[in-house]
Amino acid sequence: MAAVLAQVAVSGLLLGGVYALISIGLTLIFGVMRVVNFAHGEFLMIAMYATFWLFQLYGLDPYVSIFIVTALLFLAGLLTQATIVRPVLRGSPAMQIFATVGLSIVLQNAALIVWKGDYRSVDTAYSRAVLSIGPLQVGVSRLTAFVVALAITIALFYFLKKTYLGKAIRCVAQDKTAALLMGVNISRINLITFGIGTALVGVAGAVLMPIYPVFPTVGTYFVLIAFVVVVLGGMGNVTGAFLGGLIIGLVEAFSGFYVPALKEAIYFVVFILVLLIRPTGLFGVVGAEEVGLK
Amino acid sequence: MIAKEREILGERLEGKRARIDPSLYVLAALIVVAAAFTLVVKDKFYLHVLIMIMFYAAASSAWNIIGGFGGQLSLGHAAFYGIGAYTSTLLFINFGISPWIGMLAGGAISVIIAAIIGYPSFRLRGPFFTLVTIAFAVVLRILAVSAQDITKGSIGLSVPFRPSPQNFIFRDLSTYALVALGFMVIMILVSMWIERSRVGYYLAAVREDEDAAQALGVNTTRYKLIALLVSAFFTSLAGTFYAQYIAYIEPYGVFALDFSVLLAMIAIIGGMGTVWGPVAGAFIVTPLGEFLRANLGGGLQGLDLVVYGTVLILMVILLPGGVVPSIAERLKRGPKRKTAGATAAAKEAP
Amino acid sequence: MILKVEGVTKTFGGLAALKGVSFEVAEGTILGLIGPNGAGKTTLFNVISGFYGPDKGDVLFAGEPVSYLKAYEICHRGLTRTFQVAKPFGNLTVIQNVMVGSFLRASNPGQARAQAMEAMEFVGLAGQEDKVARSLTISDRKRLEVARALATRPRVLLLDEVMAGLNPTELVEMLDIIKRIRQSGVTLIVIEHIMAAIMNVSEQILVLHHGEKIAEGPPQEVARDKRVIEAYLGEEYLLA
């Protein structure tokens, strides 16, 4: 029994790593711009489709196309921020929400028109391979996804803590006015942050392709999970998003094991509970006003 | 001395004249035109489009009460819509209860759920409130799918075709159109009442500045809750109408995030927080969608939503106030000149 | 005594914004609340009007303890406050702004509008009903702030630096408004930095410094008080 539970836990953690990767971009963007990017899931969807087509048309292995897809998504993020997000930053939160909601609708349905609703998968030589580590069976693609997620997260930490740009980003997240007074170019930081946030989703999309199929509404499924993770970890808190991802991965794995029928409902219940009981999440302090704690 | 008295009198008369709200004239005209259309046009497609327009005008007006007037962006209104649809349908299929009554029952349940959800959720600001509403609608959808014994899960429920007035099932579309018209008119009147009442003023104050509102004696949570309950009730009625009109409901359709977004989108395009915004929005958006869907067929399924989404983004960036307020702005500049002229003339006279 | 503040203490983190402040206000009088910047005057207003709860002490309004009540409840009881930086409802018109206030006591829109007009005439804003609040001058914003508060028909009105930013003519007009408010039977507590004005119009003065009451009494006494002069030493104050 212990072996079975350990198995469930490992599956949960591995997938949790990917959830973390998807969510970190979302939380970073919120931390800096106080904008919830409702189109975040659609960027994941685009990343997954990009990975799929690179594989389908050019035979590029997803782990190779990570670089291309990430760059592509980074540019997409810059473009989105410049054309859609920036004009509404000065507006009311309502307009910000609807700008990204509108984008989400456009992207989802454009994908539906262009690529139709079929589920597409990437099947490489190893995508279904399983490693035996002691008593545990570990899927190779899931393990790789987790390792990549972990590596990227560590790289991001290093970037935020040690580099000037990273520190500038943290400054803007903490206190925009102070950052402005210190000579930080807020516009540029907003732009770059959005780009980075989307690029992270690009990585996630590439490593997810061997594991999950892609279809136009796949973004909705993952973005809701990302929201739960981000709220659980604390909006704007990157560590929180990582740990939150792992926790949600575990919650999902265990509820899938014990109560499969209500698996989907479990994390929404978690979500609602967190929002109502401790809206700042486990680690969050940033954005506390937005969450109505005064 | 006399000139001044004339001036004051002129202003007082002006004030009296302005009291008959132009909105009522517009409403009367709208009723006449829509009713005429209903009775004259026989083409099923056009009647369907008209019904959909008025349906969305009503449903979006219901959303507008909490979303526009209340300033609380719910993207989970499908929850109330679904509750309305399922309640009246289940009562009708299982107990033969007239959907008119089932509609009210659904409304009552929606109000209770709204109170339970709304009260703790109002502590959350901005996107966090929106996220909670989305989550609630999803939970309800999941429940509807899993409670197979009651709801038949994803298979959905069909409303049996037993036409009669008390069954809220009609043979011809014109009758449905008249019901939809009635619903739309009721929502317009409700919105008009709210706008000029204490509820409307207090909601506007809360939207603008919650602290200042509190300092003036406004119990902000209570009024947001009132707006939510009214909104939930009427959205629920829309759900029943839909069930009776389309005669088939299933969880992914009635608890859909897309529907919640559409309600909000229509109000935003037309003008959030105004009486005519949702109506104008529905007249703009709905025909567009229906025609796109009808003419482009399967090949470009989803094009209507791409168009909606693009329009939404453009509106939000370029015209955040919406269509109606911008038109209202232009109209205001006209009559103002008349007033100035009248007072000036009064001044001139000895 | 329509208002009694007893031993009110309010701390934020490590900082004590108010330390054991006690005083009383007689009905129908004007109490001037002065003190150097950061003395805790607005914090005191926030406590009295229910925006903050005191950590220690109590506030008694017309003999009833109110410190546990929410801000809007206290307004219902008859105590209204204005804000240091005016908070008009920017997108609403002037009359709509004031009507938010008058709806507290009026039972229908017609009555609310009529009462709002009265309040507007009282402060000299008549004729500006349909102006969008955002577009008002500072002086008119301050008047709007007062009109809105008056529309709630308060027994006690707390005015927070309502004269800041006004030119000499506007100052005189505002002082006149304040006097007429008192004349109508409303009790006033006024935070001000413009000394001549406030000393001129108040029956009592209360001086706060670093969260503590350092002087209380008629203006002439307080003006001669050594501790008050010391607190203001090095502070610039206006003799309008």
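In the predicted model, the accessible surface of chain B amounts to about 15100 Å², and carbon and sulfur atoms account for 67% of that area. Chain B is built with 16 helices and 2 strands. Of its 350 residues, 55% are buried. When contacts in chain B between residues at least 6 apart in sequence are considered, 77% of them join residues at least 24 apart.

Within chain B, Glu250(B) occupies the loop that runs between strand β2 (248-249) and helix α12 (251-254). Apart from neighbours within four places in sequence, the contacts of Glu250(B) are with Tyr86(B), Ser154(B) and Gly156(B). Ala213(B) is 37 residues from Glu250(B) along the chain, and the C-alpha atoms of these two residues are separated by 42 Å.

Regarding the arrangement of chains, 2 pairs touch, and the pair with the most contacts is formed by chains A and B. Chains A and C do not touch, and a distance of 11 Å separates their nearest C-alpha atoms.

In chain A, Gln81(A) is part of helix α3, which spans residues 62-89. The relative accessible area of Gln81(A) is 1%, so this residue counts as buried, the cut-off for that class being under 20%. With neighbours within four places in sequence left aside, Gln81(A) is in contact with Met33(A), Arg86(A), Pro87(A), Leu89(A), Asn190(A), Leu191(A) and Phe194(A).

Chain A also carries a positive surface patch, made up of Lys161(A), Lys162(A), Lys167(A) and Arg170(A). At least two residues of this patch come from each of the helices α5 (140-162) and α6 (164-174) of chain A. Arg170(A) is located in helix α6. The relative accessibility of Arg170(A) is 35%, and this residue is therefore classed as partly exposed.

In chain C, helix α3 comprises residues 94-102. This helix is largely enclosed by the rest of the structure, because 8 of its 9 residues are buried. The buried residues of α3(C) are Val94(C), Ile95(C), Asn97(C), Val98(C), Met99(C), Val100(C), Gly101(C) and Ser102(C). The cover over these buried residues includes elements from two chains: α9 (198-208) of chain B, and α4 (109-123) and α5 (138-151) of chain C.

Two loop residues of chain C were examined for their backbone angles. Ala62(C), although not a glycine, has a positive phi of about 50°. Ala62(C) is found in the loop between strands β4 (56-61) and β5 (64-65) of chain C. With a relative accessible area of 39%, Ala62(C) is partly exposed. Glu161(C), likewise a residue other than glycine, has a positive phi near 45°.

Technical notes. Residues are numbered from 1 along each chain as its sequence is written. Chains are lettered from A and ligands numbered from 1 in the order in which they are written. This is a predicted model: local features need pLDDT of at least 70, side-chain atom pairs count only at pLDDT 80 or more; totals for chains, interfaces and linings use all residues. Side-chain values use heavy atoms; hydrogens and water are left out. Helices (H or I, at least four residues) and strands (E, at least two) are DSSP runs, numbered from the N terminus. Buried means under 20% relative accessible area, exposed over 50%, partly exposed in between (1.4 Å probe, protein chains only). Contact means heavy atoms within 4.5 Å. Accessible areas come from the Shrake-Rupley method with a 1.4 Å probe; for residues, only the protein chains shown count as cover. Patches are made of residues with over 30% relative accessible area and no salt bridge: like charges are joined within 9 Å, nonpolar side chains (Val, Leu, Ile, Met, Phe, Trp, Tyr) within 5 Å. A salt bridge is a side-chain nitrogen of Lys or Arg within 4 Å of a carboxyl oxygen of Asp or Glu. Lys and Arg count as positive and Asp and Glu as negative; His and the chain ends are not counted. The place of a charge is taken as NZ of Lys, CZ of Arg, CG of Asp or CD of Glu.
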